[in-house]
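Here is a short briefing on one chain. Please look over the sequence and the coordinates before reading on.

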Amino acid sequence: MTTMAELGTTSRCNRILPSTFYSDILWGRYFQDPETLNILIKSNPIPRLEHFLPDISGAATVSEAYELKELIREYRGNEKKPFRKLVNTGTIDPYCSLWGLRPTRYLKDSYTAPIVLDSDLGKLSSVRLHQAQSHKIIIGGMTLVLECLYDEGECLAGKSTVIILSNGRTSLKYVTALLNSSFISFWYRASYNTLCLAGGYLRISRNEIKTIPIAEAPKPVEAKVTVLVDRILAAKRRDPEADTTTFEREIDQLVYELYDLTPDEIAIAAAAGRSPPPRGEWRGTRCRRRRRAAGWGARDGPPRSPSARERCGAG
């Protein structure tokens, strides 16, 4: 048995209010570098996502996922009955879906353009049909950064994703922008670093998503963010793989201001919030776009600074 006395010199000492420490169950976040910890503590007073949008849930139970598989059919271009496009983590990109552009893998099968008829989905679950037809945000279930799709009722979320339904009051476009920002990916990874999977992938579920701090913006700032989101969505409608990093970086800068980050804090969040794919997966258009967003050249690898990797939770 190892005792504390045998561990040698203390390499890091963070002071946390007892009320903060003992009200939490994920203590790993309090043993990070002081700079990262200070950013997390700074965001504590900010209202959480569930305060604004309480209808946050997993897209399907295990039994529903298997029942849903029996209803999936390929879209042939001539379907006359109302239907929803089935999307999952592999076809969810920030702001838009890659449905029909890349294969959708679902319970060991692969589909080109999977759909589910409204009539079939309604028989399975009226609740899932209502969710599919609603304005919502769909969040990929296992990714390196948060990837959140804004949907106006066209898509049915597949298993292992999280959905946030509109309440008619809080702007989904504004929240989508925050969730897709570098800062929120940094916050999520730093807050739930002990839940990260192999390769640095984030474990994403409704329990964690609902705790994300959502900064309320003055109306002019919210309007500016919404305009940028509209530009991203318009570009993605023309070409789902369009390079919208200019707009996304503008949003990032507005988000840093909303969360009152200092220049040093921005540098930390920006480095960690753009976590790259594992080295073996740095291929394809989607990853090239992530390289550009992170400011890396075509041949560059992930940041090699140990401190940056620690902050990303990858080291």
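E64 and R128 are both buried. They form a salt bridge with each other, the closest N and O atoms being 2.9 Å apart. E64 lies in helix α4 (residues 62-69) and R128 in helix α6 (residues 126-133), so the pair ties together parts that are 64 residues apart in sequence. The model is a predicted one.

- The count of salt bridges comes to nine.
- A second bridge joins the side chains of E265 and K42, at 2.9 Å from N to O.
- E265 belongs to helix α12 (residues 263-273) and K42 to helix α2, so this pair links parts that are 223 residues apart in sequence.
- E265 is buried, at 13% relative accessible area.
- K42 is partly exposed, at 31%.
- E79 and R73 also meet in a salt bridge, at 3.8 Å from N to O.

**Overall make-up**

- The chain has 315 residues, and 50% of them count as buried.
- It holds 14 helices and ten strands.
- Take the contacts in the chain with a separation of 6 or more: residues 24 or more positions apart account for 70% of them.

**R48, a buried arginine without a salt bridge**

- R48 sits in the loop between α2 (34-42) and α3 (49-52).
- What is the nearest side chain of opposite charge to R48? It is E50, 7.6 Å away. A salt bridge requires a nitrogen-oxygen pair within 4 Å. R48 is buried and has no salt bridge.
- Backbone oxygens do come within reach of the R48 side chain. One is that of N44, at 3.0 Å.
- Another is the backbone oxygen of T211, which lies 2.9 Å from a polar atom of the R48 side chain.
- Setting aside neighbours within four places in sequence, R48 is in contact with S43, W187, K210, T211, I212, P213 and I214.
- R48 and I212 are 164 residues apart in sequence, yet their C-alpha atoms are 5.3 Å apart.
- N44 lies in the loop between α2 and α3.
- N44 counts as partly exposed, with 39% relative accessibility.
- From N44 to T20 the C-alpha distance is 9.4 Å, across 24 residues of sequence.

- Is strand β10 (residues 162-165) covered on one face or on both? Both faces are covered: V162 and I164 on one side, I163 and L165 on the other, all of them buried.
- In a regular strand, side chains alternate between the two faces of the sheet.
- Strand β1 (residues 56-58) runs antiparallel to β10 and is joined to it by three bridges.
- Strand β7 (residues 136-139) is also antiparallel to β10, with four bridges.
- I163 of β10 stands opposite S57. I163 is also the bridge partner of I138.

**The open sheet**

- Four strands make up an open sheet of mixed pairing, in the order β2-β6-β3-β9.
- β2 (73-74) and β9 (155-157) are the edge strands. Each has a single partner strand, so one side of each is left without a neighbour in the sheet.
- β2 pairs with β6 (residues 114-117) in the antiparallel sense over two bridges.
- R73 has I115 as its bridge partner in β6. R73 is also the residue that bridges to E79.

- The largest nonpolar core has 52 residues. Those with the most contacts inside it are L179, F183, I209 and Y259.
- Apart from that core lies another of 13 residues, among them L68, I72, L107 and L156.
- Beyond its neighbours within four places in sequence, L179 is in contact with I137, I139, L146, C148, I164, I184, I212 and I214.
- How many of the eight residues of helix α7 (residues 172-179) are buried? Eight are, so the helix is largely enclosed by the rest of the structure.
- The buried residues of α7 include K173, Y174 and T176, along with L179.

Technical notes
Residues numbered from 1 in each chain as written. Predicted model: local features only at pLDDT ≥ 70, side-chain atom pairs only at ≥ 80, totals over all residues. Heavy atoms only, no water. Buried < 20%, exposed > 50% of the residue type's maximum accessible area, 1.4 Å probe, protein only. Pairing = 2+ DSSP bridges. Lys, Arg positive; Asp, Glu negative; His and termini not counted. Polar contact = N/O pair within 3.5 Å; in protein donor to acceptor, adjacent residues only side chain to side chain. Contact = heavy atoms within 4.5 Å. Core = buried A, V, L, I, M, F, W, Y, C linked by side-chain atoms within 4.5 Å.
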